[in-house]
Amino acid sequence: MSPTAGRTLPPVGQAGGLDHALDRQPTPKATVLISGAHLLDPRAGLDGPADLILRGGAVAEVGAPGSLEAPEGAEVVDAEGLHAFPAFVDPHVHLRTPGREDEEDIETGTRAAAAGGYGAILAMPNTDPVVDSASVLLSLRERARAEARIPVGFTAAVTMGQRGEQLTEMAELADAGAVAFTDDGLPLRSAGMMRQALQYQRLAERNIALHEEDPALSADGVMHEGEVSALLGMAGIPSISEAVMVARDVELAAYEEGRIHVQHVSARETVDVLERARAAGVAVTAEATPHHLLLTDECVRHLDARYKMNPPLRAEPDRQALIDGVRSGVLGCIATDHAPHAREEKEEPFEIAPMGVTGLETAFAALYTELVVPGILDLGLVVERLTAGGEPFGLSVPTLAKDASANVCLVDLGAEWEVGEGGYESRSSNCAFAGRRLTGRVRMTIAAGTVAFRERSFAIGAVA
Amino acid sequence: MKRHLLSIDDLTREDIERVLGRAESFAEVSGREIKKVPTLRGRTVINLFYEASTRTSSSFELAAKRLSADLVSVKAAGSSVDKGESLKDTIQTLSAYDPAAIVFRSPHAGAAGLVARWTRASVINAGDGKHEHPTQALLDLYTLRRRVGRLEGLNVWIVGDVLHSRVARSNILAFGRMGCQVTVCGPPTLIPRGVESLGCEVRTTLDDLGEADVVYALRMQHERMAGSFVPSLREYATRYQIDGRRLAPNQLVMHPGPVNRGVELSAEVIDSPQALITHQVESGVVVRMAVLYELLAGGPPADLMQGHAPLSAEASEPQPA
């Protein structure tokens with residue numbers, strides 16, 4: 001027998017296998033007839049007007065427009081002129097709970113997500129305290145069952161306190177419901193520690209999501225290293241800081257036959273490394289954020305701390321490479337890295353302001369306005385990448401197909417709005433797209449069978 | 001001129017010419033026994049320094065006093081900053097005294113720009129982190145023009161730690177704007193990637209130093225060498241020190257101070273008549289008087305009568321992109 005015979009990849013890829021680990025507040029399942037919307041679900045092969053009945057938490061019927069009768073007690077949504085997509089899934093959200101509930105909590109974070117069309121999210125463990133024990137994880141899950149508007153999955157840290165020195169009790173955390181492991185916000189600086197995490201992954205059976213940068217190369221950098229950082233005199237984070245760590249970790253994953261997920265890819269070089277690794281059969285998935293897909297370090301010229309995040313906004317060739325990566329599927333999903341920060345912290349000088357931007361409420365509209373409307377990416381492809389965020393972690397991908405769990409967002413592709421004009425559902429306002437006029441507005445989100453968001457001005461039909 | 005002086009980029013060539021010309025006329029005042037003019041009588045200038053400074057803060061103080069302004073100097077140590085007050089609150093507090101100008105030094109890039117959003121006063125950047133130090137560049141231009149008689153066409157080499165130098169960034173822009181040809185030179189670890197985009201050439205040896213009319217040496221900052229940007233100051237001095245062997249008789253030497261004798265410049269060069277270093281310090285006061293004058297009193301008379309501009313909407317809130 002070969003040394004690896006009988007060993008299988010961690011079974012995290014089985015669609016829907018971990019759906020049970022998501023939590024949300026108990027809410028009665030809605031009965032809804034959505035009439036006349038343009039259904040778009042590339043995975044299910046749906047692209048055209050249809051009626052949709054949601055009942056008992058599932059898609060009960062899909063039929064030709066006008067063909068379906070509203071069931072008893074159903075809410076009728078006249079969705080003429082609107083698009084219905086499967087609700088999105090964000091694998092990368094900072095809910096800031098526990099520790100910084102002034103910036104976000106489970107209720108406001110999931111409300112912001114629902115307002116952005118999301119039906120499920122994964123929360124990052126870099127809280128205070130860090131989610132590195134089953135007791136912290138279980139208390140968070142309990143809170144989510146009381147507060148979360150949409151299903152939330154919690155990730156746990158790879159190392160105790162995210163210090164990179166000692167593995168967490170990954171097996172027990174997995175049993176307690178950790179959906180994945182990540183030290184997000186920090187890289188695993190030791191290759192030896194990364195290797196041990198991959199070995200232990202066989203026991204924990206969860207994906208490992210990686211924030212990739214080499215601390216020695218990033219040093220005290222605060223923005224992308226390039227012409228703009230040279231002009232501003234600010235220490236730069238070179239793009240290879242990310243790429244060399246990804247190169248290291250795909251080699252380790254290949255050697256240990258593990259599975260990894262690369263978070264918030266920002267650099268052209270990283271996309272190249274990922275392409276080669278996937279071609280070689282390494283089990284590596286990756287995500288891109290709307291801000292890295294749409295903005296560059298040019299935004300930093302005026303030192304507005306709203307454009308400070310990690311990884312930093314990079315140069316135009318990087319942005320183009322990310323768009324190509326989303327198109328080709330090397331970057332298989334879009335994640336917001338929604339990172340709320342208190343207003344007073346973002347009002348500090350750029351170099352000392354914290355890194356991160358919010359993004360749940362603007363992700364779809366920003367991508368639609370900047371990439372779909374100009375014809376750079378297909379609408380169907382963008383919707384697919386927005387819904388695919390749970391797939392690397394063994395969560396099911398929402399679909400509008402009959403009998404699937406009812407996860408739908410209704411979007412008005414004609415609606416123009418200014419980001420921030422009506423405030424935010426999030427508790428924080430450090431949005432990278434604040435003040436921009438965007439096209440495409442989420443009118444309603446149904447997550448796992450219940451209405452999680454309804455725009456206040458969105459008229460609902462009579463109850464049948 | 002714009003209302004604030006945050007970056008050399010805020011100045012057109014004509015603006016710079018005006019400041020230099022104004023400085024010339026103040027130089028005449030400085031030669032008198034009574035070195036004071038009443039231009040800014042009744043107006044308040046606040047010197048707010050979040051970082052140690054000797055020559056910049058004292059020359060701004062003298063400049064404001066010689067223009068008859070009321071001057072308040074605030075240093076971060078011992079002030080409410082020590083008690084944890086945020087920059088925004090400090091600025092709003094000081095702005096309540098209705099200053100005409102705030103001269104601001106900070107260890108953080110872009111901090112002067114932030115201050116400008118929160119006050120009605122004109123903000124003068126007296127150094128923000130490694131970003132810019134525009135009044136240093138202006139006094140350098142002034143000093144050099146006094147000596148040579150022109151700036152156009154001069155070949156200027158800026159030598160040393162360009163990576164960590166706000167003076168380098170402001171001077172690359174300023175010399176370039178006045179028609180000089182600018183070359184930066186230093187160890188590759190101390191040259192920021194992409195610096196060519198500021199409009200300069202990059203060299204890593206002094207081999208072609210002979211082409212320079214002016215050699216502008218930068219301070220080698222011991223405190224920043226902890227990250228081992230160079231193996232040793234000794235090796236640095238061997239390769240990059242401007243000394244009597246390397247300097248031709250027709251070349252001029254400048255330095256923003258304070259100098260590390262025997263590191264970036266040899267003692268013989270510092271003390272030679274080719275060195276403009278003490279002239280640079282002297283120019284500090286008149287050039288800063290000129291900057292205060294042009295920002296606060298340089299406009300048409302109507303402006304003077306109305307005082308400063310009303311607080312616009314954009315001054316209070318960060319603007320969306």
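Residues are numbered from 1 along each chain as written, and chains are lettered from A in the order written. In this predicted model I took local features only at pLDDT of at least 70 and side-chain atom pairs only at pLDDT 80 or more, while totals for chains, interfaces and linings use all residues.

Entry 1, domains of chain B. I looked up the assignment, whose bounds come from an automatic or database source: domain 1 covers 8-133 + 283-313 and domain 2 covers 135-279. Their centres, over C-alpha atoms, are 27 Å apart. Each of the two domains of chain B gives 21 residues to the contact (C-beta atoms, placed from the backbone, within 7 Å). On the domain 1 side, helix H1 (13-30), strand E4 (122-128) and helix H9 (277-296) of chain B each supply at least two residues; helices (H or I, at least four residues) and strands (E, at least two) are DSSP runs numbered from the N terminus.

Entry 2, chain A against chain B. I found 24 residues of chain A and 25 of chain B in the contact. Helix H6 (residues 227-232) of chain A gives the largest share of the chain A side, five residues.

I checked E5 (residues 155-159) and E8 (residues 214-217) of chain B: four bridges join them. B:Val159 has B:Ala217 in E8(B) as bridge partner.

How values were computed: Two strands pair if DSSP finds at least two bridges between them.
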